[in-house]
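The details follow the display.

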Amino acid sequence: PRKGANYLLEAYKQVKQEIPNSQLIIVGPGTRLRNKYEKHVVRNNLKDVVFVGYTAYRELPRYYKTADIVCSPATDRESFGIVLLEAMAVGKPIVASNIDGYASVMTHDVEGLLVPPKDEKALAQALMSLMADESPRQQMGARGRLTAEGYDWKHIAQRVLDYYVKMLSEPQRKE
């Protein structure tokens, strides 16, 4: 539930009405609730929804690369947006929930769009706005790639080293 798949499915229902040639691919194990979501898709006659299930880490780039937009509608408790960085690394624009863990990695209207969590209407609007115009998708994808580069281990290691050097070079405080 915290990944927000139910909100994404409701948003996709709206998207599919406006953009009939769209497709939703859901990647991830979701073993406990998958049956419920699959029934929801059938009950609502939602077409072009694919549940991939568990995917090995080495296979994930293939899914990111085939997507026009990567959506992560988590509801809360994401400490860090690694999924967002993975999408950015391959130049994909993002639609994600505006939660602390995600907002610490991406900026609204820069690498993608942030929407209020649990708001399927805002989620649908954000998806449709990016689906309707390729130019912002490309711009956001390119900016995302630059953001992701800043998280490369060589940059992170250098920042950590710089911090340690700074701390060690400051005079000792007496307490």
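By class, the lining of the largest pocket has 29 nonpolar, 13 polar and 8 charged residues. The model is predicted. The space in this largest pocket comes to about 1,600 Å³. Of its 50 lining residues, Leu 8, Ile 25, Ile 26, Val 27 and Cys 71 are the closest to the centre. Several elements each supply at least two residues of this lining, among them helix H1 (5-18), strand S1 (24-27), strand S3 (70-72) and helix H6 (120-131).

The second largest pocket holds about 170 Å³ of space. Its lining consists of Tyr 57, Ile 82, Leu 85, Glu 86, Ala 89, Ala 148, Glu 149, Tyr 151 and Asp 152. H4 gives the most to this lining, with 4 residues. Helix H7 (134-149) also supplies at least two.

Now the helix pair. How do H1 and H6 cross, left-handed or right-handed? The crossing is right-handed. The axes of H1 and H6 come within 8 Å and cross at roughly 45°. H1 and H6 are therefore oblique to each other. On the H1 side, the contact residues are Tyr 7, Leu 8, Glu 10, Ala 11, Gln 14, Val 15 and Glu 18. They meet Glu 120, Lys 121, Leu 123, Ala 124, Leu 127, Met 128 and Met 131 in H6. By class, this contact has 9 nonpolar, 1 polar and 4 charged residues.

Key:
Residues numbered from 1 in each chain as written. Predicted model: local features only at pLDDT ≥ 70, side-chain atom pairs only at ≥ 80, totals over all residues. Heavy atoms only, no water. 1 Å grid on protein atoms, 1.4 Å probe; cavity = no way out; pocket = protein on both sides within 12 Å on 5 of 7 lines; lining within 4 Å. Points joined across faces, edges and corners; volume = space filled by probe spheres on them. Nonpolar A, V, L, I, M, F, W, Y, C, P; charged D, E, K, R; others polar. Axes fitted to C-alpha atoms, helices over the stretch in contact; angles between N-to-C directions. Parallel < 35°, antiparallel > 145°, perpendicular 65-115°, else oblique. Left-handed = near helix turned anticlockwise from the far one by under 90°. Contact = heavy atoms within 4.5 Å.
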